[in-house]
Amino acid sequence: MATEGKIVLATDLDGTLLGGTAEEKARLYSLLEANRDKLVLVFVTGRQLEGLKAFADLPKADYYICDVGSTVYDSNYKPVADVQSWIDERWPSGSEDAVRAVLKDVEHITPQRLPHLPGRRVSYAYSAGFDEEAVVDLLQRAGYNPIVSHGVFLDVLPRGVAKGPTLLRLLEHLGMSPGETIVAGDTMNDFSLFSLGVHPEPVASERPLLKILVANADREITQAVAGFPDVFRATKNGAAGIEEGLVHLKVAWACKG
């Protein structure tokens, strides 16, 4: 697709693009649809692709980063081959069984069976008594990237794979850069988006134009990004917070309303 002169909006869904009142969402969705010629819209979500098709009111994205960054699709729901191959190299055959073996003696976790395959992650729900620090250390030493979020989910991904690194690979595929990109999120599975250009992993040559932390963001991500540059802390929830961030950045087409 032609991307010259466009900006990328890479946004989480639950609590972010899907957050707020019906009126706030309708306003933002209409704004995005009216300016598709100026925008590359990327959904970055923990959901699987099939689960997104139920959201009929959402504008159609140009790209879908799903499964917490472990699958990538274009607007026709076809895998983006060069980005997906980068992920698949880090998740060889047998990885799911290997992860479950690492965690077989861990208490207070319940496997989550993902309904749609293929996937490049293993997911659990955890309950009271879960030792987050010990489990994260165990998985990292075993060569995986564990992501704990929403106060209940443990996702285990290939080392080096998460929403942020996968977005960087997609931008490279598009011939674009973080400096042409706005990201938005609300929980710890969005941390790698907010750490672009800041945290040693992933390393980005440029910081995003803006990182929008919506007002309804949870305490963990709010604390984790405290002091990060270029984070706009919206005063509004969800979709309204995204629009607030676009106006703050003085994105011309967002300021006309």
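The crossing of helices H2 and H10 is left-handed, a term applied when the near helix is turned anticlockwise from the far one by less than a right angle. The model is predicted, so that local features need pLDDT of at least 70 and side-chain atom pairs count only at pLDDT 80 or more, while totals for chains, interfaces and linings use all residues. Residues are numbered from 1 along each chain as its sequence is written, and side-chain values use heavy atoms, with hydrogens and water left out.

The axes of H2 (residues 22-34) and H10 (residues 238-248) come within 8 Å and cross at roughly 45 degrees. H2 is therefore oblique to H10, given that angles under 35 degrees count as roughly parallel, over 145 as roughly antiparallel, 65 to 115 as roughly perpendicular and the rest as oblique. Axes are lines fitted to C-alpha atoms, for helices over the stretch in contact, and angles run from 0 to 180 degrees between N-to-C directions.

The table lists the residues in contact (heavy atoms within 4.5 Å).

| Helix | Contact residues |
|---|---|
| H2 | Glu24, Lys25, Arg27, Leu28, Leu31 |
| H10 | Ala239, Ala240, Ile242, Glu243, Leu246 |

Helices (H or I, at least four residues) and strands (E, at least two) are DSSP runs, numbered from the N terminus.

An open sheet is formed by 7 strands in the order E4-E3-E2-E1-E9-E10-E11, with mixed pairing; two strands pair if DSSP finds at least two bridges between them. Strand E3 (residues 63-66) runs antiparallel to E4, joined by 4 bridges, and Tyr63 stands opposite Asp74 in E4.
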